[in-house]
Every structure is written in structure tokens, then in C-alpha cells.
Amino acid sequence: MNYNVAVIPGDGIGPEIVREACKVLDKIGVKYGHEFKYTEVLMGGVSIDATGVPLTEEALATAKASDSVLLGAVGGNVGQSNWYKLPPNLRPEAGLLAIRKGLGLFCNLRPAVLFSQLKGACPLKDEIIGDGFDFVVVRELTGGVYFGERKTVTENGIRKAVDTMPYDENEIRRIARWAFEVAMKRGKRVVSVDKANVLDTSRLWRQVVKEVAREYPEVEVSDMLVDNCAMQMVRDPKQFDVVLTENMFGDILSDEASMVTGSIGMLASASLGETKLGLYEPSHGSAPDIAGQNKANPIATILSAAMMLRYSFDLLDEADRIEAAVKQVLDEGYRTVDIMSEGCTLVGTKEMGDLIAERI
Ligand code: IPM
Ligand code: MG
């Protein structure tokens, strides 16, 4: 089969990690008889430099016309880059929000997996880690406070800012269904996270999640307040299978989830909607401080490409093959600097990509 992949290298380490992911995809193509055709799309700071905006209409249209989108990272150094002197709606991150919204990608899957080979990097105590954990945060991605009305005004000489957090039942229902569907393919447990002791949106969230839960009698479901969830993730991450939550809580909890694994350079993510078109990106950022130095870990992006094969193209064997190749390289002791430990072999971005591609 032929697949059209819109590739967004973006900023910082984006281009170098995406290059390695494409290398691995090409190897999959040769082995399984597929052709991946890449169309480069500008987004983020590089797009601002070239066009004045973080995502042009044409760039969005190219992404829309593709079968799937692979993204490196966007954004620069907030303190230093000129991009952050621009109004917020013209900064690199605005491109990311615009593409999510423009492609209707309301469902963000962020797996948090402890790779047994990298146990040493996990900041939690051995008795908490046990035999490891593996859960996924299902984050609502195109609603809530990220997309509600906001304004900054001065009233009677006092500066005031307002952000609003709207959710309607349809937005909640469709993301809840995704979480239950994911749970059905995993451990059949959903924890729905909210702040129902304070927020109306959370009280509606709870009601709608309960309604959806009736469609999935096999799935065990419970509610958890977001502050408690933040605590439970470090106290006992093994208790989680699928964590379902709204946009901002999901942003925060997914960073925490990645940190407890100790290896954010390994974590992939998928943003999905109602069609097969998805956007796949590493959970980490653009790391401008190490950009272009062949130091970045390309594994999160390579695993994001595997998620693309699984969710957008239904190429399950091929996705498994990539994940197995990653594990093999880790078993053989190869590490990029972020996951380096004693006795292992230090390799750069390109070498890590080569090693994984060779093992496909
Ligand atoms: C993420 C990022 C983005 C978000 C930023 C860059 C807008 O933190 O993907 O988690 O908050 O969604
Ligand atoms: Mg975030």
C-alpha cells in the first residue's frame, strides 16, 4: 500500500528525530511492501520565520489531505527566542493548537510505560515500581479552557484576565467513548479524572461518563479528583489502566505520568478524531538547548510512528515490529544520553535510528 504522510519537523530537535522515524518507516516499507510518501509541512517557529504565522492555511490543507501526520516538536526557548515577543496567537504553540482543532483531533492518547530495561531511570522507589506499570492518559484535546473565550482588560485601573472553560455533553461523550474503547483493548479499567467538587464542567463530565459507562458493562469505572490523581500517580501508578480527563488536567497529568516513567524521551503520543487521520508526536518538547547536536533521543518519535501504523493504517504487525526493534536495541544496551546508565553504550540520535532500522 501507499501512504501519504504529512511530516512536520518543526523546531529544535524536531527535524533530527523525525528524520530517524522516517528512516525506520522506510525500512518497514521495504520489509512489508509499503510505500510511505512524505510531504513536508511547516509549523511552529520555522513557519513563523518563513511566513509570519505558525501554521498557514495551505499547511493545514496539506495536513488535511494526507493520510496521517507525523510531528517532531514545536517551540523555542521562551526567554530567548523572538517568537515569544509575538502575540500569543502567533507563537509556535498556537500552530499546534490550530492543527489539532483544524483536523478535529479531540482525542489525545499518551501512554506512560515503564520500560523494564530502564527501571533504573524511574524516580520512584522499587517497592512502588514493583514489576512495572503501563497506563495511558486519554486527554480531551480540542475543548475546555484551551479553546474557551479569554480576554485581558483593564477595569478601573485594575488589570484583569479571564479564561473560560466550556464543555458540552457531546464533547464529553465522544472522548469518554474513546477511553472506554481503549480500555476494552487493554485492562478494562477507566479512571475518570475531574474537579467535580468545584467545577460545573466536571459535574457534567461525571454525569456523561456514567451514561457512557452503561454502554461498556465489562469496564470497571471510577471517578477521581484531579488533585488526588496527581498524588496517586506517584503513590501507586500501577493502579491505573486508562486515565480519562479533560484538556488542561490531561496536559498536566500526562507530564507527571511521563516523569514517573523516568524516560520522557521514550514516550509516544497520538491525537485522533472521527476519521483515520491522526497526528503522532513524541510526548516531549523541542529541547532547543540540544538541537542539532545529535544528542536527542529519537525513540519517542519512532514509537509515535509505530502508533501511526497501528491507529491510522491498521498495520498491526508492522507496529509490533517497530516496538520489538526498540526493545531489542535497549536489551543490547544502547542508550542515548537521556537514558544512559553505567555499562551501557552511548549513541547519538542518528546511530539510535540506524540501530533500530537495522533490527526491523
Ligand atoms: C502538550 C503541550 C501543549 C499543550 C502546549 C505546547 C500548547 O504542553 O502537547 O502537552 O498544552 O497541549
Ligand atoms: Mg503539555
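Are α8 and α9 roughly parallel or roughly antiparallel to each other? Select helix α8 (residues 226–235) and then α9, and look at their axes: the two helices pack at an angle of about 10°, with their axes 10 Å apart. α8 and α9 are therefore roughly parallel to each other. Here angles under 35 degrees count as roughly parallel, over 145 as roughly antiparallel, 65 to 115 as roughly perpendicular and the rest as oblique. Axes are lines fitted to C-alpha atoms, for helices over the stretch in contact, and angles run from 0 to 180 degrees between N-to-C directions. Helices (H or I, at least four residues) and strands (E, at least two) are DSSP runs, numbered from the N terminus.

A word on the model before we move on. This is a predicted model, in which local features need pLDDT of at least 70 and side-chain atom pairs count only at pLDDT 80 or more, while totals for chains, interfaces and linings use all residues. Residues are numbered from 1 along each chain as its sequence is written, chains are lettered from A and ligands numbered from 1 in the order in which they are written, and side-chain values use heavy atoms, with hydrogens and water left out.

**Stay with α8 and α9**

Show side chains for Val226, Cys229, Ala230, Met233 and Val234 of α8, then for Phe249, Leu253, Glu256, Ala257 and Val260 of α9: these make the contact (heavy atoms within 4.5 Å). Colour them by class and you will find nine nonpolar, no polar and one charged. For the classes, Ala, Val, Leu, Ile, Met, Phe, Trp, Tyr, Cys and Pro count as nonpolar, Asp, Glu, Lys and Arg as charged, and the others, Gly among them, as polar.

**Next, α1 and its partners**

Select helix α1 (residues 14–32) together with helix α10 (residues 299–311); they pack at an angle of about 45°, with axes 8 Å apart. That angle makes α1 oblique to α10. On the α1 side, pick out Ile17, Val18, Glu20, Ala21, Val24, Leu25 and Ile28, and on α10 Thr301, Ile302, Ala305, Met308 and Leu309, which together form the contact. By class, this contact has 10 nonpolar residues, one polar and one charged.

The axes of α1 and α11 come within 11 Å and cross at roughly 130°. This makes α1 oblique to α11. Val24, Ile28, Lys31 and Tyr32 of α1 meet Asp317, Glu318, Arg321 and Ile322 of α11. That contact divides into four nonpolar, no polar and four charged residues.

On a 1 Å grid over the protein atoms alone, a cavity is a set of points where a 1.4 Å probe fits but cannot get out, and a pocket is an open set with protein on both sides within 12 Å along at least five of seven lines; lining residues have an atom within 4 Å of a point. Grid points are joined across faces, edges and corners, and a volume is the space filled by probe spheres set on the points.

Begin with the largest pocket, which holds about 880 Å³. Centre your view on Leu109, Pro111, Met307, Arg310 and Tyr311, the nearest to its centre among 30 lining residues. α6 gives the most to this lining, with five residues. The lining of the largest pocket comprises 16 nonpolar, two polar and 12 charged residues.

How many cavities of 30 Å³ or more are there? The count comes to two. For the largest cavity, at about 50 Å³, select Met165, Tyr167, Val193, Asp194, Thr201, Ser202, Trp205, Glu246 and Phe249. α7 gives the most to this lining, with three residues.

Finish at the second largest cavity, with a volume of about 40 Å³. Its lining is Arg110, Pro111, Ala112, Val137, Ser254, Ala257, Ser258, Leu267 and Ser283. β4 (107–113) and α9 (247–261) are the elements that give two or more residues to this lining.
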